[in-house]
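Reader: I have a model open and want to learn to read it. Where do I begin?

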Amino acid sequence: MTSEVALENVWIRFGDFVAARDINITIRAGEFFSFLGPSGCGKTTLLRAVSGFLEPSEGRVLIGGADMAGIGPNKRPTALIFQNLALFPLMSVWENITFALEVRGVGAARRRKRADELLELIALPGQGDKTVGELSGGQRQRVAIARALAAEPEVLLLDEPLSALDLKLRQRMRTELRDIQRRVGITFIYITHDQGEALTMSDNIAVMREGVIEQVGDGNTLYDRPNTAFVASFVGENNLFRGTVGAAERGAVTVETAAGALRARPATGAALAAGDDAFVFIRPESLRFDDAMEMENRIGAHIQRREFEGSFWQVFLDADGAEQPLKLSMVNDDAAAARRPGQRVTLGFAAELAVATRAGPLAAG
Amino acid sequence: MTPLRHLREFHRRNGAGLSLFLIGATGFWILFMIVLPQLFMADFSFRANVPPPKWGTPEHYYTLEHYRYMIYGGGGEGSFNVIDLRVFFKTIGAAMLVTLFDAALCYPIAWHLAQAARGGWARLMVLALVVPFWVNEILRAFAFHILFGASGVLNSALMAAGVLDEPYDFVRENIALYAGLGYAFILLMIFPIYNAMESLDKNQVEAARDLGASRWRIHRRVVMPHAKPGITSGCTMVFMLTAGALAAPQILGGPGSLWFTQIIYQAFNQAGNWARGSAYAIILLVSCIVLVLALMKAFKVRLGEIAR
């Protein structure tokens, strides 16, 4: 059984601090949904409001259409996987897994059987009698998932559960989590500051900044069609040009920047008009060497340095009039290998691949 | 690591002077404050009761008569020392009850301090717990006597409220004594439990709650197992000190009741029978240790855990 989760006009305040500001969102039943944002953006607070550990200051949390006001975390059809997993160290693995059943008064024999089934599901057969301390990080991760699933929740909430794992394991667990979600078919709500995790696993992602949802969409949309400067700078890598809108037409704007006039597609909802402060973003892989000088937007630059990453090169350039170096990614071939630091080059990009947003706060770093 | 390597590591970290002081001070403490007095006491308990001038003479021979006396008394074979035995078992039993009462009282306080109380409020609570203990133990006992006396605060209040028609003798019924004993060592119960609870990851409590556990089950399955070493440590100290308390029974005890320590006190200071006093003291000490170890075994707590 799976349920839709809806947040309606949710405000969460701690004294004067607003952790969540008028959140309206509907998470479809059975979907893998992520809240993505830097630490302190309010994503964990929202998760706690869904799990019942805190009540919104205003607004409603609905699970499966039912208002959750006044219903504690032990009575909600949700299960939460904690950032540090919070397994019970003084219980064996199987007791951990079936704790939710113990609470419901299920007999030991039936609990043991269910534990064995779940251990099978998480690929840890026969490990039920171990203590939690005897397991590796990845195994503990899986036990935490099994413990939450044993409660048969309609919605599984995950609070950055992979952050304690090393890179390799984290990447493997992404695939595994996505797999488990498809198999059990319940709604997963995933909290992360790691865009890689959000992009690879999620059906839909809400990007948050300072208690506000900046944009909701699937990974592709967020990457290709960011609505705000923050989303453009937070999701994936982007080159930025600051400027002022010179001319705005339907489907394209011209932004006067220190690197010259750049044409770009305006972001949805940006409503840019002549004279507005605006940012132009172009992805490193959309930026090209334009030796033939034929692309719509052209910038003169010097190659500063380059990094070899196997299948492609990262080239860093000092563009004329740009305050920070530009980054260009290109497939590793003979032409790419011929680009050397110090060379004078012309860069170009297509207007429809660049996005112009209203000037606004950027992601840190 | 072998003990020798421990010692070398200790020396390397602290240098010669500090190492010598630390080992010397600890050694002095253990030898002169604990081991030697107890050894002398044990030796006395097995010797005939003679005045000091005859110590070391043949009249100061070894005997089990004081231990025998504790069980059989001065009467002939077949009669038991009912008075002393009754006081002994009553003392042990009452000390256990006081310990249980303290544990039940302190667990919620420690829990509140460790997990719920914040900043200023937590500091205020700790102060409120600690400051009364700046008052001398004997003064505190007298204060309890006044509180529970026939014209004391409690009786006046209960009579004013119409609950009682005439003063209730809390002292004669030993209620004042148990209250005084219960309060005397309450900090030694709260702080070990608090220490143990403070190290509990709050997420574990939340995880249990999220999985549907009631408050009671969270405590039984998550908090109590985690705090068990602290609870044991607190119970051990409170039990030992209560069973060995002297001031509170002297001041708060009813006329018809004796604490076992008072019998020991009488043997030393009134009967001048140091040998019997020593034997009784050893009996109390050994009984308490055996009881504590047996209970630790029953509750599956190892000695090392208590020291954590």
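Author: Begin with a rule. A salt bridge is a side-chain nitrogen of Lys or Arg within 4 Å of a carboxyl oxygen of Asp or Glu. Behind it lies a simple idea: side chains of opposite charge can pair when their charged atoms come close. Here, 4 salt bridges are counted between chain B and chain A.

Reader: What should I know about the model itself?

Author: The model is predicted, so local features need pLDDT of at least 70 and side-chain atom pairs count only at pLDDT 80 or more, while totals for chains, interfaces and linings use all residues. Residues are numbered from 1 along each chain as its sequence is written, chains are lettered from A and ligands numbered from 1 in the order in which they are written, and side-chain values use heavy atoms, with hydrogens and water left out.

Reader: How is chain A divided?

Author: Domain bounds come from an automatic or database domain assignment. Chain A has domain 1 (5-224) and domain 2 (237-358). Their centres, taken over C-alpha atoms, are 39 Å apart.

Reader: How do I read the interface?

Author: The size of an interface is often given as the accessible area lost when the parts come together. Buried area is that loss, computed with a 1.4 Å probe and summed over both parts. Chain B and chain A bury about 1,800 Å² between them, 55% of it on carbon and sulfur atoms. Asp210(B), Leu211(B) and Arg221(B) supply 39% of the area that chain B buries against chain A, more than any other three residues. Contact means heavy atoms within 4.5 Å. By that rule, 16 residues of chain B touch 24 residues of chain A.

Reader: Which elements of chain B give two or more residues to the side that touches chain A?

Author: Helices (H or I, at least four residues) and strands (E, at least two) are DSSP runs, numbered from the N terminus. The elements are α9 (202-210) and α10 (215-243) of chain B. α9(B) gives the most, with 7 residues.

Reader: Are Arg339(A) and Asp291(A) buried or exposed?

Author: Buried means under 20% relative accessible area, exposed over 50%, partly exposed in between (1.4 Å probe, protein chains only). Arg339(A) is buried at 15%. Asp291(A) is exposed at 52%.

Reader: What about chain B?

Author: Arg47(B) and Asp43(B) form a salt bridge (3.0 Å, N to O). Arg47(B) is buried at 16%. Asp43(B) is partly exposed at 25%. Salt bridges that share partners also join Glu95(A), Glu102(A), Arg111(A), Arg217(B) and Arg221(B) into one network. Over all chains, the structure holds 33 salt bridges.

Methods. Buried area = accessible area lost by both parts, 1.4 Å probe.
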